[in-house]
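Welcome! Let us take a walk through a protein model together, one region at a time.

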Amino acid sequence: MSALTWDAPVSVVINSGKQKAIKSPAEAVGCLEKEWPIAEGVFLREAKKVCNAALEHECTTTEARDAFELASLEAQLIAR
């Protein structure tokens, strides 16, 4: 797992109905690839791209968190 973490986790409710706190671009990529309920989406594609870029130090972790949060909103997974 990457040492890159976000300042604040993004809480999502995954398919099992369980709330999960995503704390890093690496966790986000795993969640997007293995647990995401939709297969296509504009923000889903962008989140995968930006989170992977953050892992390669090609963008900031803040940009990755923002992209993941938008994908979570698109898939209606944000826990409030």
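The paragraphs below look at salt bridges, cysteines, a loop and a surface patch.

A few ground rules come before the tour. This is a predicted model, in which local features need pLDDT of at least 70 and side-chain atom pairs count only at pLDDT 80 or more, while totals for chains, interfaces and linings use all residues. Residues are numbered from 1 along each chain as its sequence is written, and side-chain values use heavy atoms, with hydrogens and water left out.

Let us begin with charged pairs. The whole structure contains four salt bridges, a salt bridge being a side-chain nitrogen of Lys or Arg within 4 Å of a carboxyl oxygen of Asp or Glu. One of them joins lysine 20 to glutamate 35, at 2.5 Å from N to O. This pair links distant parts of the chain, with lysine 20 in strand E2 and glutamate 35 in the loop between H1 and H2, 15 residues apart. Helices (H or I, at least four residues) and strands (E, at least two) are DSSP runs, numbered from the N terminus. Another salt bridge pairs arginine 65 with glutamate 69, their closest N and O atoms lying 3.4 Å apart. These two are four residues apart in helix H3, so about one helical turn separates them.

Next, the cysteines. How many disulfides does the structure hold? It holds zero, where a disulfide is a pair of cysteine sulfur atoms within 2.5 Å. For cysteine 31, the nearest cysteine sulfur belongs to cysteine 51, 10 Å away. The sulfur of cysteine 51 has its closest cysteine sulfur in cysteine 59, and at 7.7 Å that is too far for a bond. Cysteine 51 is buried, with a relative accessible area of 0%; buried means under 20%, exposed over 50%, and partly exposed in between (1.4 Å probe, protein chains only). Cysteine 31 is buried as well, at 1%.

Serine 24 sits in the loop between strand E2 (19-22) and helix H1 (25-34). With a relative accessibility of 1%, serine 24 is buried. Beyond its neighbours within four places in sequence, serine 24 is in contact (heavy atoms within 4.5 Å) with Leu4, Thr5 and Trp6.

Our last stop is the surface. Val42, Phe43, Leu70 and Leu73 make a nonpolar patch of about 350 Å². Patch residues have over 30% relative accessible area and no salt bridge; like charges are joined within 9 Å, and nonpolar side chains (Val, Leu, Ile, Met, Phe, Trp, Tyr) within 5 Å. Accessible areas come from the Shrake-Rupley method with a 1.4 Å probe, and for residues only the protein chains shown count as cover. Helix H2 (42-55) and helix H3 (61-74) each supply at least two residues of this patch.
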